[in-house]
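Hi everyone, thanks for coming.

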Amino acid sequence: MGDSSVGKIGNVLRKMNMFARLLLIAVLALAALPARALMTIEIVGGASNKIPIAVLPFTLPQEGGLNPGDVITNDLGRSGYFRMLDPKGGVSPATPQGLTLPDWKNRGADAVVMGHVIPAPGGRVEIRFWLHDVVRQTQIIALSYTTTPAGVRSVAHKIADVIHEKLLGEPGPYSGRIAYILKQGKRYELQVADADSQNAITVAASPEPIISPAWSPDGTKLAYVSFEDKKPVVYVQNLVDGKRRAVAKFRGSNSAPAWSPDGRQLAVTLSKDETSQIYLLDLETGEAKRLTRGGALDTEPVFSPDGRWLYFTSDRGGSPQIYRASLENGEASRITFEGGYNVSPALSPDGKTLAFVHRRDGRFHVAVMDLANRQMQVLTDTAFDESPSFAPNGRLILYATLVNGRGVLATVSVDGRVKQRLSQSGDLREPSWGP
Amino acid sequence: MKHFAIALTLAALLAGCADQPAKDAVIEDRGIKVSPPAEKAKAVDTQGMPMAPVDSKPISGAAQDAAAPPPAQKVETRALAEPATEVKPLDGAKTGAPVGGAAGATAAGADQSAIALSLKDPNSPLSKRIILFDFDSSAIRDEYRSLLEAHAEFLKSNPASKVILQGHADERGSREYNLALGQRRAESVFKALSLLGVAEGQMEAVSLGEEKPIAEGHDEAAWQQNRRTEILYQGE
């Protein structure tokens with residue numbers, strides 16, 4: 001459902017009573033669902049001043065191929081920052097001179113995107129796009145990409161990133177990938193998908209639970225916890241060749257992997273010496289160096305992007321709270337104080353914002369804290385939020401929540417204004433946003 | 001607007017249900033049995049990751065104006081083929097996976113069957129394997145004293161036998177934090193058995209967190225059943 005139609009429906013709805021609203025929207029949403037069980041995306045809220053933009057369908061070498069224009073329209077439309085204008089059957093003209101910018105100005109567009117997919121030597125394809133400022137009637141950028149036919153979707157996400165950055169002045173979040181666990185009956189699948197949750201690929205499947213996937217900084221590996229051996233063991237899997245190895249299989253439980261910024265170490269929670277404590281695992285030598293001490297429970301480590309700090313959850317103060325320890329001298333200090341349950345720390349790529357799960361009135365919400373002034377803000381109104389992680393651009397937080405007992409993935413902007421829900425048949429949990 | 005959001009959620013749920021003709025069965029495998037080979041996960045579709053090499057460059061020749069495109073940029077992405085990995089349950093009996101890093105469980109066949117018999121006797125206190133815990137607690141209640149004493153006696157008189165103590169938590173909150181809570185519950189039973197004279201090498205305390213609930217409900221009755229430690233004998 002596009003933003004514009006949501007807006008119109010919203011106006012009608014205000015005049016109806018609540019029950020009628022629920023019913024009508026249920027019917028509309030049902031009708032809007034595709035026949036296949038694809039992921040669908042619902043958007044709630046959005047920026048107050050959305051940029052009106054038209055993305056013309058790209059011309060294709062033959063009918064039926066993936067149209068980059070569709071992917072770009074979906075990406076920008078679900079971000080909450082753009083209002084997508086219907087191209088009304090228009091297609092990209094042969095040259096940018098063929099665009100009648102005054103017409104688009106009359107239709108309310110601030111920007112227009114057009115493009116072509118054309119055959120290139122060696123079975124490859126070339127994708128060209130042009131972004132125009134309709135108000136000033138100027139070309140903002142034009143780029144050409146050469147790739148294989150299978151790479152068209154990936155290039156379309158990159159184009160959406162470029163458009164986002166050119167018009168909003170900050171990097172777009174569209175070309176990253178997400179990893180998450182899909183539970184289907186008694187089967188657990190670790191999947192990797194594009195950031196729009198399309199193009200999902202199962203990289204590991206098990207009849208026993210898998211949790212806590214974590215992306216290596218270069219995006220070529222996933223660390224995760226698998227229970228296939230009747231206890232939690234930490235594995236690292238290479239996504240290029242699909243091979244994996246158990247990197248932490250000590251006596252007791254092994255869990256909560258987090259990559260160091262240089263990708264050489266994993267912080268993990270082990271119970272081999274005492275109750276759950278945090279260790280640094282050298283991935284080359286396999287050596288585990290103990291980092292936290294004391295009988296309290298320490299887990300969920302995460303490195304600061306500069307590699308100087310380790311944030312983690314501990315109940316050393318009587319309730320689970322987030323602490324950070326210096327990786328230079330090991331000294332730890334408490335970060336969260338509000339409420340009796342703050343867990344699952346995640347850091348923004350610039351290291352300035354902490355996201356975590358905060359319990360309030362028995363409900364679990366995603367919250368953020370500005371680490372400079374320690375101000376906390378609760379971002380969500382759902383009740384069972386888990387596993388927050390930042391988009392590579394730092395503007396969105398991906399998390400899991402429960403709707404009617406079923407796990408779904410959702411995103412919220414760091415200012416809390418834009419919320420999206422990605423949904424799919426099956427039970428989704430443990431998302432992690434990667435490069 | 002809030003109602004609208006709720007309605008959208010509702011609608012999506014309705015639709016989600018409609019999409020799934022058969023709801024999956026609840027998990028009943030409590031991790032006590034070693035999964036039989038027939039339970040092996042099915043082969044996974046293998047797909048290449050469509051991350052082909054991409055070159056990008058500004059389009060030249062097109063009319064340029066004041067807002068000229070930046071200089072040519074080269075985007076290089078490596079091909080990422082991602083074959084799926086099949087994870088199989090380890091057959092504890094076959095591989096003799098050591099408990100606590102000790103030597104493999106290769107107890108004599110005769111001993112094994114004798115052990116299995118007394119463990120399986122429903123009238124024996126040894127048939128009781130589950131210790132429940134209060135909310136946010138790993139303290140063992142008095143009611144479990146005789147259960148633990150029975151297992152301690154058995155383990156002491158059968159030094160070749162080994163147990164895995166699996167701690168569990170209810171579903172509320174973080175999975176990793178719950179894993180640590182379950183670990184503490186397993187360690188609590190470990191310490192209790194150790195105080196009763198069981199050799200530490202015969203036991204391993206591990207946690208399955210909130211991943212293997214006994215009760216599937218979302219209320220205190222279900223949560224109480226799920227906050228537990230299970231005693232699992234090797235080779236059973």
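In what order do the 4 strands of the open sheet in chain A come? The order is S18-S19-S20-S21, and the pairing is antiparallel. S18 (298-303) and S21 (332-334) of chain A are at the edges with a single partner strand each, so one side of each has no neighbour in the sheet. On average, neighbouring strands here are turned by 30° against each other, direction ignored.

Before I go on, some housekeeping. This is a predicted model, where local features need pLDDT of at least 70 and side-chain atom pairs count only at pLDDT 80 or more, while totals for chains, interfaces and linings use all residues. Residues are numbered from 1 along each chain as its sequence is written, chains are lettered from A and ligands numbered from 1 in the order in which they are written, and side-chain values use heavy atoms, with hydrogens and water left out.

As for terms, strands (E, at least two residues) and helices (H or I, at least four) are DSSP runs numbered from the N terminus, and two strands pair if DSSP finds at least two bridges between them.

Back to the sheet. S20 (residues 321-326) of chain A pairs with S21(A) in the antiparallel sense over 3 bridges, and A:Tyr323 stands opposite A:Arg334 in S21(A). Now look over to chain B: its helix H5 (residues 175-195) lies across S18 and S19 (309-314) of chain A, at about 145° to S18(A). That angle is between N-to-C directions, on a scale from 0 to 180 degrees, with axes fitted to C-alpha atoms, for helices over the stretch in contact; contact means heavy atoms within 4.5 Å.

Next, two hairpins. S22 (residues 342-347) and S23 (residues 353-360) of chain A pair in the antiparallel sense over 4 bridges, with A:Val343 opposite A:Val357. Their hairpin has 5 residues between the strands, and A:Gly351 takes a positive phi near 75° there. S23(A) also pairs with S24 (residues 363-370) of chain A, antiparallel over 8 bridges, and A:Ala355 has A:Val368 as its bridge partner. Here 2 residues lie between the strands, and A:Asp361 has a positive phi near 55°.

Last stop: A:Thr269, in strand S15 (residues 265-270) of chain A. Buried or exposed? A:Thr269 counts as buried, at 3% relative accessibility (buried is under 20% relative accessible area, exposed over 50%, partly exposed in between, with a 1.4 Å probe and protein chains only). Its side chain makes a polar contact of 3.0 Å with that of A:Thr299, meaning a pair of N or O atoms within 3.5 Å; within protein, one must be able to donate a hydrogen and the other to accept it, and residues adjacent in sequence count only if both atoms are side-chain atoms.
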